[in-house]
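Student: I am new to this structure. Please take one part and look at it closely, then show me what lies around it.

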Amino acid sequence: MLEKKIQLENSIFLNVSYTEVNDQKPYLLLLHFSGGTSAIWNGVVPHLQEEFNLIIPDLRGHGKSDRPSSGYHIDDLAGDLHLLLLEFNVTRCHVVGSSMGAEVGLSLAATYPQLIESLVCEGALTNEFGEYGLMDGNDFEIKQEKEKLRNQLAERKEIIFPNREAFVHHYKNPLEKQGLWNEYFHTFIESCMEETSDGRVVHFYKKHVRNEYMDSYWDMLFEEYYKQIFCPVLFMPSEADWSNSRIKQNLHHFSSFLESFEITLLDQSLHAYVWMQMPEKAAAVVKVFLEKQLQKV
């Protein structure tokens, strides 16, 4: 994989990992989850790089990319990606998104339908609030819940670690207890580290980035995006997503707006983490779906 920082027309710098371009291969854009980096795809890349030109950015506010003071709505992030694809002279591509990455991919496909050939959504399966949300209360109840969530975000404190080993140990513990820790999680956790001027270590994911994204996420109505989608969509709900009757109901509603869609469930898969938890199996699901789309061309 190659890696470089690219300045977009909007002056934002995105850090991008990518394979050497082969004009005979289709393009595939891989988009990480909120608080993630391009490193979440490390276990998936070996299973896709032979068939596709891969473009794997750190989204705005994440990893080594720029962190401006604002601009963290999914539409802002999708706008960055449109400009990034222009830098690569891409006129058509497929997209795989994890959690927030699926939301950004959805926005990209809705806004630039001529650009996106297919979309894999491991996320954007339900709204947070409202008729097609996880919570469907009255306006007052929803307003109260949002305020409670905003207060919780405001109270979050940045953890400062004395060294890199302490940082890794902190994030490794819960993953190890769940039996998830492996080389892909290890590489991802290392990609989240950032040294301070005095040699200590913090997480790159800054409060202003998380807060603005989450505040806009709570108001999101994904059905309005799905209504504008023309490309085939593969939904990849986690096991917990699929066992939640509310999410399943909302997903079926969203899919009713699509001309072509599939739903694939991987046993024991975890939301967002599936790409590191079982990268070979997840990549295989994506490949089967994409091969079907390529056969139509």
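Tutor: Helices α3 and α6 are roughly antiparallel to each other, a label for angles over 145 degrees; under 35 counts as roughly parallel, 65 to 115 as roughly perpendicular and the rest as oblique. Helix α3 covers residues 139–155 and helix α6 residues 207–217. They pack at an angle of about 170°, with their axes 10 Å apart. Axes are lines fitted to C-alpha atoms, for helices over the stretch in contact, and angles run from 0 to 180 degrees between N-to-C directions. Helices (H or I, at least four residues) and strands (E, at least two) are DSSP runs, numbered from the N terminus.

This is a predicted model: local features need pLDDT of at least 70, side-chain atom pairs count only at pLDDT 80 or more, and totals for chains, interfaces and linings use all residues. Residues are numbered from 1 along each chain as its sequence is written, and side-chain values use heavy atoms, with hydrogens and water left out.

Now the contact itself. From α3 come R150, L153, A154 and E155. From α6 they meet K207, R210, N211, M214 and D215. Contact means heavy atoms within 4.5 Å. The residues of this α3 and α6 contact divide into 3 nonpolar, 1 polar and 5 charged. Here Ala, Val, Leu, Ile, Met, Phe, Trp, Tyr, Cys and Pro count as nonpolar, Asp, Glu, Lys and Arg as charged, and the others, Gly among them, as polar.

Next, another helix pair. The axes of α4 (residues 164–177) and α5 (residues 183–191) come within 10 Å and cross at roughly 135°. That makes α4 oblique to α5. In α4, R164, F167, V168, Y171 and L175 take part, meeting F185, H186, I189 and E190 in α5. This contact of α4 with α5 divides into 6 nonpolar, 1 polar and 2 charged residues.

Then the sheet. It is open, with 8 strands in the order β1-β2-β4-β3-β5-β6-β11-β12 and mixed pairing. Two strands pair if DSSP finds at least two bridges between them. β1 (2–7) and β12 (261–263) stand at the edges, each with a single partner strand, so one side of each has no neighbour in the sheet. The twist averages 20° from one strand to the next. Strands β5 (residues 93–98) and β6 (residues 116–122) pair in the parallel sense over 6 bridges. H94 stands opposite S118 in β6. Helix α1 (residues 74–87) packs on the sheet, and the strands that α1 touches include β1 and β5.
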